[in-house]
Amino acid sequence: MSFAQLVDADRRLMILRALSETDGFGANRGLIKTFLDAGGHSVSTDRVDADVAWLGEMGLVNLRDNAVLLTARGGDVATGRATVPGVRPLRPGE
């Protein structure tokens with residue numbers, strides 16, 4: 001796996017983990033971008049949109065208007081109960 005793929009996988013896990021910690025298991029893209037910035041992933045809005053679309057294609061989030069909502073499967077990945085290629089697996093102690 002290339003460095004860029006590792007960074008993408010880490011960023012996608014961060015998005016799922018952020019959603020898993022919000023009330024209602026959802027957030028808008030602006031809040032997701034702010035969370036990523038705080039976690040060391042300073043990315044463009046286009047990159048956030050691409051990641052959200054990818055997570056949607058994998059069935060890990062649902063999109064409703066400007067809201068990104070965690071699915072049950074996405075919650076399983078965020079907590080380490082399941083893995084999906086392209087999303088960094090949760091490590092022990094995280």
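Q: Which residues does H41 touch, not counting residues up to four places away in sequence?
A: This is a predicted model, and in it H41 touches V7, D10, R11, M14 and L36, once residues up to four places away in sequence are set aside.

Q: And where is H41 found?
A: H41 sits in the loop between α2, residues 29-38, and α3, residues 45-57.

Q: Is H41 buried or exposed?
A: H41 counts as buried, because its relative accessibility is 11% and the cut-off for buried is under 20% relative accessible area.

Q: Before we go on, what does the confidence look like for the chain?
A: The mean pLDDT of the chain is 96, and 100% of its residues reach 70 or more.

Q: Which elements have the lowest and the highest mean pLDDT?
A: Among the elements of the chain, the lowest mean pLDDT, 95, belongs to strand β2 (residues 61-64), while the highest, 98, belongs to helix α4 (residues 72-78).

Q: OK, helix packing now. At roughly what angle do the axes of α1 and α2 cross?
A: The axes of helix α1, residues 3-20, and α2 cross at roughly 120 degrees and come within 10 Å. The two helices are therefore oblique to each other, since the range for roughly perpendicular is 65 to 115 degrees. The crossing of α1 and α2 is right-handed.

Q: Which residues make that contact?
A: On the α1 side the contact is made by R11, M14, I15, A18 and L19, and on the α2 side by I32, F35 and L36. By class, the residues of this contact of α1 with α2 divide into 7 nonpolar, no polar and 1 charged.

Q: What about α2 and α3, how do their axes cross?
A: The axes of α2 and α3 come within 10 Å and cross at roughly 105 degrees, which makes α2 roughly perpendicular to α3. In this pair, R29, I32, K33 and L36 of α2 meet T45, V48, D49 and V52 of α3. The contact of α2 with α3 has 4 nonpolar, 1 polar and 3 charged residues.

Q: And the remaining pairing I wanted to ask about: at what angle do α1 and α3 pack?
A: α1 and α3 pack at an angle of about 75 degrees, with their axes 11 Å apart, and that makes α1 roughly perpendicular to α3. R11, R12, I15 and L16 of α1 make the contact with R47, D51, W54 and L55 of α3. The residues of this contact divide into 4 nonpolar, no polar and 4 charged.

Q: How does R47 stand in terms of accessibility?
A: R47, whose place is in helix α3, counts as partly exposed because its relative accessibility is 29%.

Q: Changing topic to the backbone: what is phi of F25?
A: Phi of F25 is near 55 degrees, which is a positive value in a residue other than glycine. F25 lies in the loop between α1 and β1, residues 26-28, and at 46% relative accessibility F25 counts as partly exposed.

Q: And what is phi of D65?
A: Phi of D65 is near 55 degrees, again a positive value in a residue other than glycine. D65 has its place in the loop between β2 and β3, residues 67-70, and it counts as exposed because its relative accessibility is 77%.

Q: Last one, L69: which residues is L69 in contact with, leaving aside neighbours within four places in sequence?
A: With those neighbours left aside, L69 is in contact with G24, F25, G26, L60, V61, N62 and R64. L69 is found in strand β3 and is buried, with a relative accessible area of 18%. L69 and D10 are 59 residues apart in sequence and 19 Å apart in space, C-alpha to C-alpha.

How values were computed:
Residues are numbered from 1 along each chain as its sequence is written. This is a predicted model: local features need pLDDT of at least 70, side-chain atom pairs count only at pLDDT 80 or more; totals for chains, interfaces and linings use all residues. Side-chain values use heavy atoms; hydrogens and water are left out. pLDDT is the predictor's confidence in each residue, from 0 to 100. Helices (H or I, at least four residues) and strands (E, at least two) are DSSP runs, numbered from the N terminus. Buried means under 20% relative accessible area, exposed over 50%, partly exposed in between (1.4 Å probe, protein chains only). Contact means heavy atoms within 4.5 Å. Axes are lines fitted to C-alpha atoms, for helices over the stretch in contact, and angles run from 0 to 180 degrees between N-to-C directions. Angles under 35 degrees count as roughly parallel, over 145 as roughly antiparallel, 65 to 115 as roughly perpendicular and the rest as oblique. A crossing is left-handed if the near helix is turned anticlockwise from the far one by less than a right angle, and right-handed if clockwise. Ala, Val, Leu, Ile, Met, Phe, Trp, Tyr, Cys and Pro count as nonpolar, Asp, Glu, Lys and Arg as charged, and the others, Gly among them, as polar.
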